[in-house]
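Hi everyone, and thanks for coming.

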Amino acid sequence: MKEFKRTSTGFHYVFESVIKAGETVIVRMPSVSANKRGINDIGWQCDGDVILYGTLSSNPKSDTAMWQEIADNDEINKAISAIKIVNNGEACNIVIRAILN
């Protein structure tokens, strides 16, 4: 499972990667901090043919984890625990950014 990286300033987290052709990647969302910071906003960009899914499951790698598609221009549920990226085309770049408040 992949992780977001915290940027050097504030509560911004970024996942940037090249996703191989046909690859599926699961990215765990940043943890809510002890001082109750939660996810305020999530955005993403990709230059390929990918489908994103979100889950609320505490164990995203589990066979029983339920996934819901995140369509283009849809708001992403800020309670998700992980994002699954399914690449249906050639290798591509993806960037996902999460801002905690």
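I'll go through the sheet, then a few single residues, and then a pocket. Before we start, please keep in mind that this is a predicted model.

Let's begin with the sheet. Four strands make an open sheet in the order β2-β3-β9-β5, and their pairing is antiparallel. Which strands stand at the edges? They are β2, residues 5-6, and β5, residues 39-46; each has a single partner strand, so one side of each is left without a neighbour in the sheet.

Strands β2 and β3 pair in the antiparallel sense, with two bridges.

The next step takes us from β3 to β9. How many bridges join these two strands? There are eight, between residues 12-19 of β3 and residues 92-100 of β9, and the strands run antiparallel. You can follow this pairing residue by residue. S17 has I94 as its bridge partner in β9, V18 stands opposite N93, and I19 is partnered with C92.

As an example, Q45 has V95 as its bridge partner in β9.

Let's stay on β9 for a moment and look at its two faces. In a regular strand, side chains alternate between the two faces of the sheet. The covered face of β9 carries C92, I94, I96, A98 and L100. On the uncovered face you will find N93, V95, R97 and I99.

Now for some single residues. Our first stop is D41, in strand β5. Beyond the residues up to four places away in sequence, D41 touches K78, R97, A98 and I99.

Next, please move to E23, in the loop between β3 and β4. E23 is partly exposed too, as its relative accessible area is 25%. Leaving aside neighbours within four places in sequence, E23 is in contact with V18, I85, V86 and N87. Now find N88, which is 65 residues away from E23 along the chain. The C-alpha atoms of E23 and N88 are separated by 7.8 Å.

Here is a residue with an interesting backbone. Most residues other than glycine have a negative phi. N73 is not a glycine, yet its phi is positive, at about 70°. It sits in the loop between β7 and β8. N73 is exposed, with a relative accessible area of 82%.

What about the rings? A search of the whole structure finds one aromatic pair. There is also a charge over a ring: the charged end of K84 sits over the ring of Y53, 5.6 Å from its centre.

Finally, let's look for empty space. Rolling a probe the size of a water molecule over the atoms shows where such space is left. The largest pocket has a volume of about 250 Å³. It is lined by 14 residues, and the closest to its centre are G54, T55, Q68, N77 and I80. Which strand gives the most to this lining? That is β7, with three residues. Strands β6 and β7 each supply at least two residues of the lining.

With a relative accessible area of 2%, T55 is buried, so it falls under the 20% cut-off. Not counting residues up to four places away in sequence, T55 touches P60, A65, M66, W67, I80, S81 and A82. One of these contacts, I80, is also among the residues closest to the centre of the largest pocket.

That's my tour, and I'm happy to take your questions.

Notes. Residues numbered from 1 in each chain as written. Predicted model: local features only at pLDDT ≥ 70, side-chain atom pairs only at ≥ 80, totals over all residues. Heavy atoms only, no water. Phe/Tyr/Trp six-rings, centres within 6.5 Å; stacked < 30°, edge-to-face > 60°. Lys NZ or Arg CZ within 6 Å of the ring centre and 35° of its normal. Pairing = 2+ DSSP bridges. Buried < 20%, exposed > 50% of the residue type's maximum accessible area, 1.4 Å probe, protein only. Contact = heavy atoms within 4.5 Å. 1 Å grid on protein atoms, 1.4 Å probe; cavity = no way out; pocket = protein on both sides within 12 Å on 5 of 7 lines; lining within 4 Å. Points joined across faces, edges and corners; volume = space filled by probe spheres on them.
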